[in-house]
Amino acid sequence: MTVELQRPATRRMLGTETLLVLGLSLGQSAVYATVSIIAKLTADGPLSKQTAALNTSASPRQWLDLTYQLLGIVFALLPVLLAVHLLARDPGDPARTLGLDARRPGQDLARGAGLAALIGLPGLALFWAAAQLGVNATLVPAALPELWWTVPVLILAAVQNSVLEEVIVVGYLVTRLRQLQWRIGAIVATSALLRGSYHLYQGFGAFLGNVVMGVVFSLFYLRTRRVMPLVVAHTLLDVVAFVGYAMLPREWFDWL
């Protein structure tokens, strides 16, 4: 006698699964970012005089620092593998479901570059305005020492951020919320607000900018069902921010 061990996923199971995936990844980051912005707002001194640093050093010993950086990148991608694994229970290849494959490399690169320009140029203007209004913390995109591995690690960090955020907050979340029969407006708003919330530690300008980015990216995904152009766009934006800050004169970034 054969015992059937697989049960069809119910709405409750999918909802619980989604909350667990978010709780292990960017939902957790959103909670910490919310606490961080509260701490900044209640600290002595205005928000604009406080610092939000990304890609910070983990050890004064360069080889140990490199080890920590690489381990952080690898382990940060585990929620992505979990999300793809869970989507594999659905009919079809999860990579194709997400549009996270190499079927259309030229188109994905072109669309990604276009999205990066669409988001990046207005985003710079928004960051400048937020800095003038004092609603952002002073942003330090790269705080690693100048070593031979700094730029490669920053590029890897940009790729890791992009894959994590776009697969979880767009591909996985939008797919599951559609299966839960949420309305399109609610799906877009949830994805965008989640993206903005885990950037709150940088300030309210960063929150707003990332909400707008989230709306654009989730609408793009709903239209194309491809997350790869979003990964390309996000990677380009982060590489420019991280590597540019690390290599260009610091006075160029005083407005941040």
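Trainee: Why does leucine 71 count as partly exposed?

Mentor: Leucine 71 has a relative accessibility of 42%. Buried means under 20% relative accessible area, exposed means over 50%, and partly exposed is in between (1.4 Å probe, protein chains only), so leucine 71 lands in the middle class. Before we go on: this is a predicted model, where local features need pLDDT of at least 70 and side-chain atom pairs count only at pLDDT 80 or more, while totals for chains, interfaces and linings use all residues. Residues are numbered from 1 along each chain as its sequence is written, and side-chain values use heavy atoms, leaving out hydrogens and water.

Trainee: What makes asparagine 55 count as buried?

Mentor: Asparagine 55 comes out at 18% relative accessibility, so it goes in the buried class. You'll find asparagine 55 in the loop between β1 (51-53) and α3; helices (H or I, at least four residues) and strands (E, at least two) are DSSP runs, numbered from the N terminus. Its phi is near 50°, a positive value in a residue other than glycine.

Trainee: And glutamine 181, is that buried or exposed?

Mentor: Glutamine 181 has a relative accessible area of 65%, so it is exposed. Glutamine 181 sits in the loop between α7 (150-179) and α8 (184-197), and its phi, near 65°, is positive too.

Trainee: Which residues make the nonpolar surface patch?

Mentor: Tyr68, Leu71, Val74, Phe75, Leu78 and Leu81 make it, covering about 610 Å². The elements giving two or more residues to this patch are α3 (62-76) and α4 (78-87), and α3 gives the largest share, four residues. Patch residues need over 30% relative accessible area and no salt bridge, with nonpolar side chains (Val, Leu, Ile, Met, Phe, Trp, Tyr) joined within 5 Å and like charges within 9 Å. Areas come from the Shrake-Rupley method with a 1.4 Å probe, and only the protein chains shown count as cover for residues.

Trainee: How do you know that aspartate 65 has no salt bridge?

Mentor: Its nearest side chain of opposite charge, arginine 61, is 10 Å away. A salt bridge needs a side-chain nitrogen of Lys or Arg within 4 Å of a carboxyl oxygen of Asp or Glu. Lys and Arg count as positive, Asp and Glu as negative; His and chain ends are not counted. Aspartate 65 lies in helix α3 and is buried.

Trainee: What is aspartate 65 in contact with, leaving aside neighbours within four places in sequence?

Mentor: Ser57, Ala58, Ser59, Pro145 and Trp149, where contact means heavy atoms within 4.5 Å.
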